[in-house]
Protein chains: 2
Amino acid sequence: MRCEVVAVGSELLLGQINDTNSSWIGQELAAVGIDSHYQTKVGDNLDRMVEVIEIALERSDAVICTGGLGPTQDDITREAIAKVMGVELVTDEALVEKIRHMFGSRGRDMPESNLLQARVPAGASAIPVQPGTAPGLAAEFERNGETKLIYAVPGVPWEMQEMMTGFIVPDLMARSGASAVIRSRVLRTWGTQEAALGEQLAEEIERLDAEGSVTIAFLASGMEGLKVRLTAKGTDEAEVEALLDAEDARVREIIGPIVFGVDDENMEAVVLRLCKEQGLTLATAESITGGLIAQRLTAVPGSSAAFRGGVISYATDVKTAVLGAPEGPSVSEEMVEAMALGACATLGADVAVATTGVAGPDAWEGIPPGTVWVATCVDGEVESHMLRFRTDRDRSRQYTTITVLNFLRKRLVARAD
Amino acid sequence: MRCEVVAVGSELLLGQINDTNSSWIGQELAAVGIDSHYQTKVGDNLDRMVEVIEIALERSDAVICTGGLGPTQDDITREAIAKVMGVELVTDEALVEKIRHMFGSRGRDMPESNLLQARVPAGASAIPVQPGTAPGLAAEFERNGETKLIYAVPGVPWEMQEMMTGFIVPDLMARSGASAVIRSRVLRTWGTQEAALGEQLAEEIERLDAEGSVTIAFLASGMEGLKVRLTAKGTDEAEVEALLDAEDARVREIIGPIVFGVDDENMEAVVLRLCKEQGLTLATAESITGGLIAQRLTAVPGSSAAFRGGVISYATDVKTAVLGAPEGPSVSEEMVEAMALGACATLGADVAVATTGVAGPDAWEGIPPGTVWVATCVDGEVESHMLRFRTDRDRSRQYTTITVLNFLRKRLVARAD
């Protein structure tokens with residue numbers, strides 16, 4: 001089964017928005033063994049869209065179009081697909097009702113133009129999964145004696161993703177009769193370089209190449225650390241799971257402690273899980289990270305079971321007034337440790353993390369940007385570390401966040417032993 | 001002059017790396033009035049690369065290939081271009097020397113494999129600008145009586161960018177005799193639907209279509225609101241700027257108050273600017289947003305000039321203990337207003353925003369997820385609003401953040417009048 005991606009939107013060609021949808025879709029397809037050899041970006045132009053979809057259908061069995069399903073004049077993906085199929089657009093009354101209802105349930109009137117979104121190429125149908133107001137499309141038709149598939153999803157990433165995982169990927173797998181089961185597991189690491197990881201695992205990768213049932217790939221995921229993806233192929237779920245479990249164990253034996261989570265479990269989720277398991281409450285005191293740590297913790301559903309709250313002590317006197325830190329240089333070991341203790345006291349928590357530093361772009365009180373102090377407090381005991389970054393404001397804050405959470409994670413793991 | 005982009009690399013199709021080069025190139029080309037109607041991603045496969053470049057040359061005058069110029073076996077962009085041109089690869093002795101010299105000047109021996117990078121399609125030449133060890137390629141040749149251009153640049157963004165601005169863009173402009181200047185301006189809006197905006201501006205868009213010098217496009221940027229992009233074409237900067245200023249004024253007359261910023265100025269940057277202009281300090285009290293507001297504010301360089309800090313009162317008793325809010329239901333008008341006043345008092349700020357609500361996925365104290373209260377405090381006066389979302393946890397938090405900042409923005413704008 002070959003499936004191409006066509007990303008629609010002049011703003012993608014003009015670089016006003018980055019097309020991240022194609023890459024995401026390519027990753028999902030690869031994970032289930034469906035090839036995506038070509039991905040094309042085209043503007044909001046009917047003839048060009050039709051041409052691109054035609055070319056894709058000549059090379060592949062299926063095409064997934066993203067974008068151009070909105071309610072405005074330049075949303076013409078519906079028209080393009082109808083033209084490729086050689087059919088008319090017809091109004092889907094069920095869709096009209098569905099869209100009307102969506103607006104109604106949000107206490108809003110539906111602009112008439114949204115009815116455009118209920119227009120469907122004759123013979124195509126709406127994708128049952130519809131997280132937003134824009135319906136997706138699925139069409140199957142004959143072309144030179146071959147069955148071809150066209151899917152259309154909105155360009156809004158979360159809507160696209162829900163339609164992909166909820167309908168399109170399962171549909172493609174069923175149709176491709178993919179008997180081989182392919183599953184991946186991602187071991188998430190923090191605190192090493194890709195080259196170093198490659199050297200550590202070089203032998204194991206050679207062994208696997210010879211064997212053939214499992215493969216290892218490194219995914220640099222920027223500010224979320226390095227991911228080691230294990231992919232196993234087998235005849236059924238049980239076999240594949242067994243292969244993944246065995247390889248998971250072997251890899252951990254080699255790279256051990258730098259693995260902090262599996263698959264979608266990010267650093268903050270791991271820390272919250274460890275806190276809950278040990279019946280501990282958590283608090284934050286943030287200066288350089290300015291709420292980033294708390295924001296990431298509270299993005300995890302159920303975080304309220306462990307997270308008490310935080311203080312963002314951006315102005316120096318807030319550190320003393322609210323956190324009870326002593327007067328003194330605000331980017332220092334003494335300050336960050338006082339902040340961590342203050343977070344536990346002020347917010348009534350068992351453990352805490354604290355950060356202070358110079359985000360930049362400019363130096364501050366003679367301290368160069370990228371200078372950061374972080375601290376963790378567990379059972380009243382504080383530990384602090386100095387970090388140095390040679391990167392921009394945003395990355396410094398992101399790295400600081402994951403680094404201090406990783407320090408806390410290690411202490412909590414040790415505490416449980 | 002039409003110029004397509006072909007991004008080469010299997011890792012791009014697999015989503016292990018996002019192709020940001022095509023977008024960047026598209027932006028540069030648009031800025032000088034060169035059309036880029038198609039951008040294609042293809043893997044490290046000779047036949048597919050040749051096919052994609054052939055298709056691009058049929059539709060366009062020039063093709064820019066990015067990636068596949070490295071020294072390894074799967075870097076085959078050189079071979080693909082030679083095959084398209086119908087010529088052999090020849091060794092460019094000058095390039096051999098240049099590459100040898102580069103390694104030498106870095107005190108490193110040159111691996112023999114790097115000599116591959118000195119192989120050039122007969123008739124093509126190396127791009128004079130060469131920031132890294134990988135040379136770029138430029139080729140001009142006849143095809144069905146038409147002159148075609150092929151450029152190849154490394155996939156490493158900064159190397160690609162230096163070759164683009166230092167050689168390819170000037171070369172294309174000279175060849176196309178491009179004199180037209182094209183500039184865009186983005187008006188950022190919050191609080192309306194794309195369809196509604198389309199209806200409001202329908203007449204104006206028709207008028208512009210008839211006139212032809214300025215165009216309007218809508219860019220749904222998800223949780224950052226709707227963008228209205230004005231694009232003007234003229235003979236020089238001054239004329240284009242005048243066109244944009246005039247259209248900017250006309251559009252604001254029609255959609256007025258929902259415009260909060262221009263181009264890259266996001267909501268938090270606008271609020272911070274207004275605070276600084278009015279000599280006001282700012283604080284936050286966050287429950288449902290859990291630090292997201294403070295994090296976005298502190299992501300803006302120079303935010304410390306206005307932002308004092310914040311309290312994340314996630315646990316109910318933190319709202320009373322730290323912010324001095326009265327006992328009572330924690331998702332209510334009374335609570336959110338007490339939080340906003342408490343933020344000003346506790347953190348010593350002139351203005352504040354506060355949020356409390358049920359992020360979900362589950363209801364809480366019988367209150368359905370998506371129920372949110374927000375408040376703004378300006379000069380000691382509090383205003384609050386209830387919001388209702390039918391979306392997931394993350395989006396509820398994002399929408400809450402921008403919505404409450406927008407309420408504050410409006411009050412600060414009114415205050416200045």
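Student: Is Lys83(B) buried, partly exposed or exposed, by its relative accessibility?

Tutor: This is a predicted model. Buried means under 20% relative accessible area and exposed over 50%, with partly exposed in between. Lys83(B) has 46% relative accessibility, so Lys83(B) counts as partly exposed.

Student: With which residue does Lys83(B) form a salt bridge?

Tutor: The partner is Asp47(B), with the closest N and O atoms 3.5 Å apart. Lys83(B) lies in helix H4 of chain B and Asp47(B) in helix H3 of chain B, so the pair ties together parts that are 36 residues apart in sequence. Asp47(B), at 53% relative accessibility, counts as exposed.

Student: Which two elements does the salt bridge of Arg308(A) and Asp317(B) connect?

Tutor: The closest N and O atoms of Arg308(A) and Asp317(B) are 2.6 Å apart. Because Arg308(A) belongs to strand E14 of chain A and Asp317(B) to helix H11 of chain B, this pair joins two chains. Arg308(A) counts as buried at 16% relative accessibility, whereas Asp317(B), at 38%, counts as partly exposed.

Student: How is the size of an interface expressed?

Tutor: It is often given as the accessible area lost when the parts come together. Here, about 5600 Å² is buried between chain A and chain B, and carbon and sulfur atoms give 52% of that area. Chain A contributes 74 residues to the contact and chain B 70 residues.

Student: How do the E2 strands of chain A and chain B pair?

Tutor: They pair in the antiparallel sense over 5 bridges. Within this pairing, Lys41(A) stands opposite Gln39(B).

Note on methods: Residues are numbered from 1 along each chain as its sequence is written. Chains are lettered from A and ligands numbered from 1 in the order in which they are written. This is a predicted model: local features need pLDDT of at least 70, side-chain atom pairs count only at pLDDT 80 or more; totals for chains, interfaces and linings use all residues. Side-chain values use heavy atoms; hydrogens and water are left out. Contact means heavy atoms within 4.5 Å. Buried area is the accessible area (1.4 Å probe) that two parts lose on being put together, summed over both. Two strands pair if DSSP finds at least two bridges between them. Helices (H or I, at least four residues) and strands (E, at least two) are DSSP runs, numbered from the N terminus. A salt bridge is a side-chain nitrogen of Lys or Arg within 4 Å of a carboxyl oxygen of Asp or Glu. Buried means under 20% relative accessible area, exposed over 50%, partly exposed in between (1.4 Å probe, protein chains only).
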